[in-house]
Amino acid sequence: MFAFFFYPIDPLYFLLIGPALLLALWATARVQSTFAKYAQVGVRSGMTGAEAARAVARAGGVTELAIEETQGFLSDHYDPTSRTLRLSPQVYRGRSISSIAVAAHEAGHSIQHVKAYTWLTLRSQMVPVVKIGSTAWIWIFMAGMFFAGTRQAPNPIGGVLQNIGILLFGATVLFQLVTLPVEFDASNRAKAVLASSGIVSTQEEAQGVSKVLGAAAMTYVASALTAIMTLVYLLLRRRD
Ligand SMILES: [Zn+2]
């Protein structure tokens, strides 16, 4: 009955989570190839990612924003606590559709912050719980499995611990779901401002931006799906 932990291959695990994991792998490969493809295509405005991010944020009403270069590939993110946009070297310095798309998307998060966009606010409020829950849940759930006792002599502590573990994991699933509107909205804001400000000026450029951001969005969908299927698995493998 300890199949989940002691046997590396639980057919139910692969049946439920396998397809979602494959989708996640595919999405990761696709975001990388799409980024690489449009990193070769320049934009007429000739702006770097950093310049585009600055312009998009300003057009969106952001007055206080630091933009820094950070190491890594696709490591770009917005840090709301210090109101800092950290862009990877390729995005920060690049003058391509990929650089501008990613930079504008991150600037979109800074606009969400200034406008107190509901889903971003909710997401930020969930961070402390998720930070603890995302690492603690598995140990608590495993302890619950361990202390579950036997069918003849069940130990109620085991059930309680499993439930706590599942609840904590459920919170991280909820977090991933709340992340989806935040990500889609940041891309929509980015695309709107890029078009209205003329940073992206042709149909082809706009299509390229959409493709890069669409591929990135797919990775969030895939990881949310993986989390949901993992939750289903835990509920089915829960021991009474
Ligand atoms: Zn984002």
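Biologist: Which residues touch the most other members of the largest nonpolar core?

Modeller: This is a predicted model, where local features need pLDDT of at least 70 and side-chain atom pairs count only at pLDDT 80 or more, while totals for chains, interfaces and linings use all residues. Residues are numbered from 1 along each chain as its sequence is written, and side-chain values use heavy atoms, without hydrogens and water. A nonpolar core is a set of buried Ala, Val, Leu, Ile, Met, Phe, Trp, Tyr and Cys residues joined through side-chain atoms within 4.5 Å. Among the 31 residues of the largest one, the most other members are touched by Val 56 and Leu 194.

Biologist: Which element gives the most to this core?

Modeller: Helices (H or I, at least four residues) and strands (E, at least two) are DSSP runs, numbered from the N terminus. Elements supplying at least two residues each include helix H2 (11-38), strand E3 (84-87) and helix H7 (156-196). The most, eight residues, comes from H5.

Biologist: Which residues coordinate the zinc ion?

Modeller: Donors are N, O and S atoms within 2.8 Å of the metal (3.2 Å for Na, K and Ca); water is not among the atoms, so sites may look incomplete. Along the chain the donors follow the spacing H-x3-H-x73-E. At 2.0 to 2.1 Å, the ion is coordinated by His 105 (NE2), His 109 (NE2) and Glu 183 (OE).

Biologist: Is Glu 183 buried or exposed?

Modeller: Buried means under 20% relative accessible area, exposed over 50%, partly exposed in between (1.4 Å probe, protein chains only). The relative accessibility of Glu 183 is 7%, so Glu 183 counts as buried.
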